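Subject: Structure handover

Hello,

Here is the structure we spoke about. My notes on what was found in it follow below the entry.

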Amino acid sequence: MKGTKMNVTNIVTKHDYCIGCGICVAICPKDNLFMSWSEQGELVPTPKTTCNNKCSLCLDICPFNNHEINQDDIAKDVFTNNSNLNYHSEIGYYISSYVGYSNRNSQRIKGASGGMATWFLESLLQEGIVDYVIAVGNGQTQDRMFEFKILNTPEEVQACSSSKYYPVDLYQVINNVIKDKTDKKYAIIALPCVVYGMRLAMRKIPCLRHRIKILASITCGQLQNRFYTELLAIESGVPVKELLRMDFRRKSDKENAINYRQVAIRLDGSEGVPQENLKLPIHLWTYKYFTQNACNFCDDIFRETADITFMDAWLPEYINDYRGTSLVVTRTDLADELVKKGMDGGTCRIQHIPADKVAASQKGVIYKKRHLLAGRLHYTEKYGLWYPQKRVKPNPRIYQKNKKFFELTTSIQVKSKEIWPKYRLEQSISGFWKEMESLEKQIKKYERIMQANNIMSFMFKAATHPRETITKLIGRDKIG
C-alpha cells in the first residue's frame, strides 16, 4: 500500500473485524469518516475522501486493531488503586460480586435481567455522580431502529432499559461529549469491546478522560447484524418494510427467565406474534447466522475494563423466577459503594455471591472465548489471514478437534449475509432457506457425528447450545 496512509478502513474494516462502535469516526481529527450500513448489514466507518492524515488515531483506539496494551494492562492501570481489589483468572480484577435485583419502580420487570443496570445508571444521576448517562434507546428512523442517546433524567434512563441485539454506534454521542464545553460528567454503558475502545480513546484524548466518569458494561456472547433482527421480525409476522423496532426481551409470568418473548412492532404501533425464545431456531445463534466476524475474535468474557459489569444470573437457583435476576461485578470503590448504599437502603435487593459462581454462570462463553478461540486463531493463521492480536494463543490441537465446526460456521456466517439481502423485502423468505439448505444439511450431519462420537461434551453444548443446556439444567418440566 505504498503512498496510502494506514487507517481503520484499510486494515480493520478491510479484514472484516470492525464491530461498528463508531469511536474512530467521532475522534477523527480531519472529520474524514462517517458510519454507514455495509452490504452485509453491519455499521462500518467509511472514508469521505482519501485519508492523507499522518496520524494513526483511528487505529490507536480501535478495539479490534493490534495494540501494545491489552485488557489486562488497562485493567491493571485503571483499577489497582482501588481498595480491597481481588483478582480472578476469568473475571479479572474486581472488588465484589453480587446477585439480586432492583426494588425500584418497575425496573426489574422492564430490565433484561434483574434491572440492576437501570438501577445503577439511575442512581448515578440521583446521587449527582454524573450529569448524563449514555445508553442505547429507540432510534428515530427505520434505518436506525436503535441508537445511543444522552440521557439526564431517571425517566429517560428507564425508557432505555432492556437489551437491544442490534448494531449501534457511538459516533454522534462521543462527538457531543468532545464538543461539550460545560465540564459535565458522563457515564456510558456499552458492550465489552466498545468499553475497551473507549478506554483506548480516553488514553489518547484528555477531554474524554476528564468527562467520562463511569464505564459500565453488559455481558455479550456475540452480536448479530441487522439481518438477524429482520429475520426475527418475519418470524413474528411483521414484514421488514413495516418494521419499526423489536422488543427482544419481553418477560412472561407464565415462563421462566430464559423463555422471554421476542416481539416485532410495526410502524403503526401494532405488534406481531410474540415468539418464545426457547422455540426460536437455536441454530441461528449456534452456527453463526449473521454474526459479526469481530465477535469470533473476542476474548473479553467479563468486561474486564468496565468499572461495573452486569449480566443475567443464568444459574439453576435463579432461572425459574420469570422477573429475572442480575449478577453484578464491581471494580471501583465508587461503583461498589453505590451498590452497597442501595443494598442498605433497600432500593435493590442484592447480596454477595462468590466470584466462582459468577464465572460458572458463563461457562459456555468462557469455553467459546478462551478454548474455541484458540482453535479459531490457528484456523485463521492456516489460511494466512490477518487477525487482531489476542491474549489467547493459537492452538492446532483445538483446531483439529473442532475443524468441521470452524469450517461450517464460517461458511454459514458468510453465506447468510450474502444471501439475505435478496429476500429480506420479499413476502416469503423460503428462497433464503432454499439457498441455505445444503449448509442446513451439513449442520444435521455434523450433530449426528458429534453425538455418535460422544464428544458433544457439556462444555461444548453450553458454548454452542446455551438455551438447550440451561433447559436441561433446570428441567424441561419446570418451563411453563
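**Strand pairing, helix packing and cysteines**

In strand β7, Phe148 is the residue that stands opposite Val136. Please keep in mind that this is a predicted model.

The two strands around that pair are β6 (residues 132-141) and β7 (residues 144-151), which run antiparallel and share 7 bridges. The link from β6 to β7 is a hairpin of 2 residues. β6 also pairs with β8 (residues 186-190), this time in the parallel sense and over 3 bridges. Within that pairing, Ile134 has Ile188 in β8 as its bridge partner.

These strands belong to an open sheet of 8 strands with mixed pairing, ordered β7-β6-β8-β9-β13-β14-β5-β15. The edges are β7 and β15 (348-352); each has a single partner strand, so one side of each has no neighbour in the sheet. From one strand to the next, the twist averages 30 degrees. Further along the order, β5 (residues 96-102) and β14 (residues 326-330) are antiparallel and joined by 5 bridges. There, Gly100 has Ser326 in β14 as its bridge partner. Helix α9 (residues 192-204) packs on the sheet, where it touches β8 and β9 (212-218). The direction of α9 makes about 160 degrees with that of β9.

Next, a pair of helices. How do α6 and α13 cross? The axes of α6 (residues 116-126) and α13 (residues 333-345) come within 11 Å and cross at roughly 100 degrees. The crossing therefore counts as roughly perpendicular. On the α6 side the contact is made by Trp119, Phe120, Ser123 and Leu124. On the α13 side they meet Leu334, Ala335, Leu338, Val339 and Gly342. By class, the residues of this contact are 7 nonpolar and 2 polar, with no charged ones.

Last, the cysteines. How many disulfides does a search of the whole structure find? The count is 0. Cys160 is in no disulfide, and the nearest cysteine sulfur, in Cys220, lies 19 Å away. Cys160 is buried, at a relative accessible area of 10%.

Regards

Terms used. Residues numbered from 1 in each chain as written. Predicted model: local features only at pLDDT ≥ 70, side-chain atom pairs only at ≥ 80, totals over all residues. Heavy atoms only, no water. Pairing = 2+ DSSP bridges. Helix = DSSP H or I, 4+ residues; strand = E, 2+ residues; numbered from the N terminus. Axes fitted to C-alpha atoms, helices over the stretch in contact; angles between N-to-C directions. Contact = heavy atoms within 4.5 Å. Parallel < 35°, antiparallel > 145°, perpendicular 65-115°, else oblique. Nonpolar A, V, L, I, M, F, W, Y, C, P; charged D, E, K, R; others polar. Disulfide = S-S within 2.5 Å. Buried < 20%, exposed > 50% of the residue type's maximum accessible area, 1.4 Å probe, protein only.
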